[in-house]
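This report describes selected local features of one protein chain. Please keep the sequence and the structure in view while reading.

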Amino acid sequence: MRGACRGSSGRQRDSGSGTQAATSQAAEETPAAGETITLKWALWDWNAIYYYQPLIAEFEKQNPGVKIEAVDLGSGGTNDYVTNLATELSGNGTDFDIATIQSVPQYTTLVEKGVLAPLNDYIAKDGVDTSLYGGLVEQVTIDGQVYELPFRSDFWMLYYNPAIFEKQGVEMPTNDMTWEQYDATARAVADPTPGQEIYGSHYHTWRSCVQCPAILDGKLTLADSGFYKRN
């Protein structure tokens, strides 16, 4: 996810003879002839993630006179990035214009602190079709306001060993299984016998492994305080 930061002083007009801070919102600025607006983007793992540079290159191509300054604030695999971004955005006059959001708790915390700008007016102005995000925008809406938009997606796949199912005499998994059927199948193939244990299932420790199944009933959203503060 990416969000726009409030109160940024990082937008710079580069005129060739020095720089001066721009005072209007970045999304509303139009570079004058010979000027360049620089937007500062907080992200993680710059050298490890391949798509940052192509995204920036394409954006700059479509928006002449606007440049993106990428700032790596640490690893996304630890708490480094979350901590560093919170520190950077905690003071007044932060110089970041755009922030990559790593998790829902981080997102809701930044919203509560008032450091992210709502995007609703920009979405309406630019005619962004949020339905193309498959319901994800609604999942991160807080009190009617949207503070971030997705810019990538992940795919979750189930891998299984057919030999284990054949040995246990259990029907192979199917694409239309319910979570109740999945649970029953995992228990059916499990074997607790010492020395030949078979685990029926394994879940990664990433938060999204819990989040995605948890919102399927439609009772809570990812940004609902009753959900993210309990998980």
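Does Asp 45 count as buried, partly exposed or exposed? At 24% relative accessibility, Asp 45 counts as partly exposed. The model is predicted, and the values below are computed from it.

## Two aspartates with positive phi

Asp 45 belongs to the loop that runs between β4 (36-43) and α1 (52-62). Its phi is near 50°, a positive value in a residue other than glycine.

Asp 143 also has a positive phi, of about 50°, although it is not a glycine. This residue is found in the loop between β8 (141-142) and β9 (145-146). With a relative accessibility of 76%, Asp 143 counts as exposed, whereas Asp 45 counts as partly exposed.

## The two sides of helix α2

Helix α2 spans residues 80-90, and its buried residues are Tyr 81, Leu 85 and Leu 89. They cover an arc of only 50° around the axis, which places them on the same side of α2. An α-helix has 3.6 residues a turn, so residues three or four places apart point the same way.

The face of α2 turned away from this buried side carries the exposed residues Thr 87 and Ser 90.

Val 137 is situated in helix α5 (residues 136-139). Its relative accessibility is 4%, under the 20% limit, so Val 137 counts as buried. Residues up to four places away in sequence aside, Val 137 touches Thr 130, Val 146, Leu 149 and Pro 150. Val 137 and Pro 150 are separated by 13 residues in sequence and by 7.9 Å in space, C-alpha to C-alpha.

Gln 139 is likewise placed in helix α5. It is buried, with a relative accessible area of 16%. Apart from neighbours within four places in sequence, Gln 139 is in contact with Ile 215, Leu 220, Thr 221, Leu 222 and Ala 223.

## Aromatic pairs and a cluster

The count of aromatic pairs comes to 9. One of them joins Tyr 50 and Tyr 51, an edge-to-face pair at 5.4 Å centre to centre with 80° between the planes. Tyr 50 counts as exposed at 68% relative accessibility, while Tyr 51 is buried, with a relative accessible area of 17%. The rings of Trp 179 and Tyr 182 have centres 5.5 Å apart and planes at 75°, so this pair is edge-to-face.

Trp 41, Trp 46, Tyr 50, Tyr 51, Tyr 52 and Phe 151 form one aromatic cluster.

## Helix α7

Trp 179 and Tyr 182 both lie in helix α7, 3 residues apart, about one turn of the helix. Trp 179 is partly exposed, with a relative accessible area of 42%, whereas Tyr 182 counts as buried at 16% relative accessibility.

Thr 185 is a further residue of helix α7 (residues 179-189). It is buried, with a relative accessible area of 16%. Not counting residues up to four places away in sequence, Thr 185 touches Phe 165, Val 170, Glu 171 and Met 177.

## A nonpolar surface patch

Which residues form a nonpolar patch on the surface? The patch consists of Phe 155, Met 157 and Tyr 159, which together have about 500 Å² of accessible area. Tyr 159 lies in the loop between β10 (148-149) and α6 (162-168). At 69% relative accessibility, over the 50% limit, Tyr 159 therefore counts as exposed.

Note on methods
Residues numbered from 1 in each chain as written. Predicted model: local features only at pLDDT ≥ 70, side-chain atom pairs only at ≥ 80, totals over all residues. Heavy atoms only, no water. Helix = DSSP H or I, 4+ residues; strand = E, 2+ residues; numbered from the N terminus. Buried < 20%, exposed > 50% of the residue type's maximum accessible area, 1.4 Å probe, protein only. Contact = heavy atoms within 4.5 Å. Arc of directions from axis to C-beta. Patch = residues over 30% accessible without salt bridge, like charges linked within 9 Å, V, L, I, M, F, W, Y side chains within 5 Å. Areas by Shrake-Rupley, 256 points an atom, 1.4 Å probe, with all protein chains shown as cover. Salt bridge = Lys/Arg side-chain N within 4 Å of Asp/Glu carboxyl O. Phe/Tyr/Trp six-rings, centres within 6.5 Å; stacked < 30°, edge-to-face > 60°.
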